[in-house]
Amino acid sequence: MPELDPNLSVSLTTRHALALLSRLDPNAEREVFLLAALLLTLAERGETSLDLAEVAGEELGSWLGGEAIGLRAPDVTRWEEALTKSTLVGDRDDFTPLLRTGAGRYALQRCWKQEMSLADALLARARHTPSVTPEALAAGLQRHFPKAKNDPGEAGQEQAAQRAVTHGVAIISGGPGTGKTATVVRILALLLELGGPEQRIALAAPTGKAAARLRESIVAARRHLQISNAVRHALPDQVQTLHRLLGAGRLPGQFRYGSRVSLPVDVVVVDEASMVDLALFSRLLQALPATARLILLGDRDQLASVEAGAVLGDLAAVAQQGETRLTNCFSHLRHSYRFAADSGIGRLCRQINAGEDKAALATLQQDSVGLAWSDLPEVSALAAPLAAATLAGYRYWLTASTPQEALARFWSLMILCAVRKGPYGVERVNTLVEQQLATAGLITPHTLFYAGRPVMIRRNAPELDLFNGDIGLILPAPENPDRLRAFFPDSEGGVRSIAPARLPEHETVYAMTVHKSQGSEFDHILLLLPETAGERIGRELLYTAVSRGRKAVTIWGNKGNFCTAVARRLQRRSGLQAALALAAAEEKE
């Protein structure tokens with residue numbers, strides 16, 4: 001294999017993959033391995049496609065994560081010549097590691113196959129139009145959305161319900177407080193009224209916390225419905241993680257349900273769909289029976305999933321590109337019932353989404369209700385202001401009398417960081433907070449597991465019913481205060497516990513990244529922005545962070561970097577939109 005620059009800090013996984021490719025085609029030219037390295041590295045960052053014209057002639061150090069000296073991508077013509085000669089590269093339907101998916105566009109085979117599989121399945125489901133009596137539907141919509149004629153917010157919800165009932169797939173996007181959950185509860189009531197209470201409905205979310213929040217919202221919304229006892233009894237309130245719904249095994253990618261064994265369901269609702277990655281979405285679609293309805297809830301403006309893909313954003317984009325198969329399956333709820341028109345948090349969210357950097361900064365600096373801005377403290381002086389800003393909030397749950405009370409109070413405050421490493425990253429901030437809490441006498445962190453330590457699961461452990469992103473607390477067992485247990489919310493609104501030694505891979509979580517905060521909400525969030533606005537910090541990250549705050553948002557940062565981030569829209573490279581267009585074209589042939 002032609003040697004790549006040793007200064008390139010590609011991952012060990014990528015280097016092993018490149019070595020394997022060199023054995024498959026020993027005669028492949030250096031340009032082939034450059035493309036492979038780029039695609040593999042992009043996949044690690046969540047991106048699934050690359051246009052050669054975007055990178056041709058560019059310095060590759062920033063693309064491949066290192067400080068390469070003089071390593072540049074070739075021009076498109078030379079690059080295409082080398083790729084055409086190699087047996088490692090094929091066209092869309094070929095069985096080669098690298099695929100040419102369009103004019104000048106390339107992808108890893110596994111990513112493109114997942115995107116095409118997902119596109120085919122979604123369009124097939126969108127073609128499915130369940131039989132519904134128009135008169136019964138109209139009466140049901142009038143009953144469940146009585147204010148639709150006078151309330152713009154409810155009118156949007158009614159349209160979303162009508163589309164969900166009459167299509168095999170429904171995509172409902174909206175910001176915080178726009179009534180997505182209230183809408184889906186009424187959609188489910190309508191489906192049960194129109195199709196009978198024997199329908200099997202499954203509710204799911206990407207993480208345990210998102211599942212718990214969905215359950216709380218559904219239980220609350222169900223109380224206000226004017227429905228029969230039979231329908232009320234049939235409305236589900238059990239919410240699972242997607243991994244649990246699909247029967248995840250101990251090995252990565254191992255699931256009970258898939259193309260060979262379908263889920264025993266008639267309707268599946270997935271909340272926080274923006275967090276669901278390409279591979280998991282593909283598995284879900286494979287596992288759904290052909291006639292089952294799929295209802296996706298989420299916020300298209302949030303950050304995309306941590307793993308590969310930007311599925312919800314791609315679906316929303318395609319649905320709004322004129323008349324497509326998905327157009328009448330998509331609904332965008334715009335009216336917020338949580339934030340009033342003059343709400344500081346609501347206004348800031350809208351300004352960030354619109355890329356209005358100077359207006360957003362002015363809103364933060366005007367002492368709007370619920371908002372606060374502060375210049376970023378010096379690295380050496382970060383500990384003291386952190387303690388001053390957060391000690392009371394952490395004391396609130398650390399002094400709770402029961403594990404259930406502590407878990408309920410935990411969501412009152414959270415520090416969010418834009419990055420994991422560095423002086424303002426999660427790793428250092430967690431250490432600083434831990435030291436300050438110990439100095440205040442609130443914790444005694446002399447061992448790995450100590451009373452009051454908050455933990456976030458980092459690896460799925462289906463056998464323990466714990467999944468990546470779940471949050472728990474290490475606390476004394478009520479029946480034996482000398483014994484520590486790890487307490488987590490359960491699916492029924494209660495608390496369950498396991499021995500700390502049994503916990504899968506996890507981390508301390510006094511602070512978390514913005515990515516990891518998706519699916520959670522806190523009364524007050526403190527967002528720390530790093531000294532420089534890196535290429536991966538854009539308005540999506542800021543919007544996601546700000547929209548996690550229910551009552552108050554405080555941001556520490558540099559004014560110039562904040563404005564740069566608001567003005568920058570991050571477009572994750574994906575092939576799903578192209579796959580949907582191709583699948584739609586093939587459908588017409």
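Me: How many residues lie between strand 14 and strand 15 in their hairpin?
Reply: This is a predicted model, in which local features need pLDDT of at least 70 and side-chain atom pairs count only at pLDDT 80 or more, while totals for chains, interfaces and linings use all residues. Residues are numbered from 1 along each chain as its sequence is written, and side-chain values use heavy atoms, with hydrogens and water left out. Helices (H or I, at least four residues) and strands (E, at least two) are DSSP runs numbered from the N terminus. Strand 14 and strand 15 form a hairpin, and the number of residues between them is two.

Me: Which residue is the bridge partner of Ile 474 in strand 15?
Reply: Strand 14 (residues 471–477) runs antiparallel to strand 15 (residues 480–489), and five bridges join them. Two strands pair if DSSP finds at least two bridges between them. In strand 15, the partner of Ile 474 is Ala 486.

Me: How many of the seven residues of strand 14 are buried?
Reply: Buried means under 20% relative accessible area, exposed over 50%, and partly exposed in between (1.4 Å probe, protein chains only). Strand 14 is mostly covered, and its buried residues number six.

Me: Which strands stand at the edges of the open sheet of four strands?
Reply: The pairing in this sheet is mixed, and the strand order is 1-4-3-2.

Me: Which residue of strand 4 is the bridge partner of Asp 51?
Reply: Strand 1 and strand 4 (residues 105–108) run antiparallel, joined by two bridges. The partner of Asp 51 in strand 4 is Arg 105.

Me: What angle does the direction of helix 2 make with that of strand 4?
Reply: Helix 2 (residues 30–44) packs on the sheet and touches strand 1, strand 2, strand 3 (98–102) and strand 4. Contact means heavy atoms within 4.5 Å. Axes are lines fitted to C-alpha atoms, for helices over the stretch in contact, and angles run from 0 to 180 degrees between N-to-C directions. The direction of helix 2 makes with that of strand 4 an angle of about 65°.

Me: Why is helix 8 called oblique to helix 9, and what is their angle?
Reply: Angles under 35 degrees count as roughly parallel, over 145 as roughly antiparallel, 65 to 115 as roughly perpendicular and the rest as oblique. Helix 8 (residues 152–166) and helix 9 (residues 180–195) pack with their axes 10 Å apart. Helix 8 is oblique to helix 9 because their angle is about 40°.

Me: Is Glu 158 buried or partly exposed?
Reply: Glu 158 is found in helix 8. Not counting residues up to four places away in sequence, Glu 158 touches Leu 141, Phe 145 and Ala 148. At 23% relative accessibility, Glu 158 counts as partly exposed.

Me: At what angle do helix 15 and helix 21 pack?
Reply: Helix 15 (residues 344–353) and helix 21 (residues 539–546) have axes 9 Å apart. Helix 15 is roughly antiparallel to helix 21. The packing angle is about 165°.
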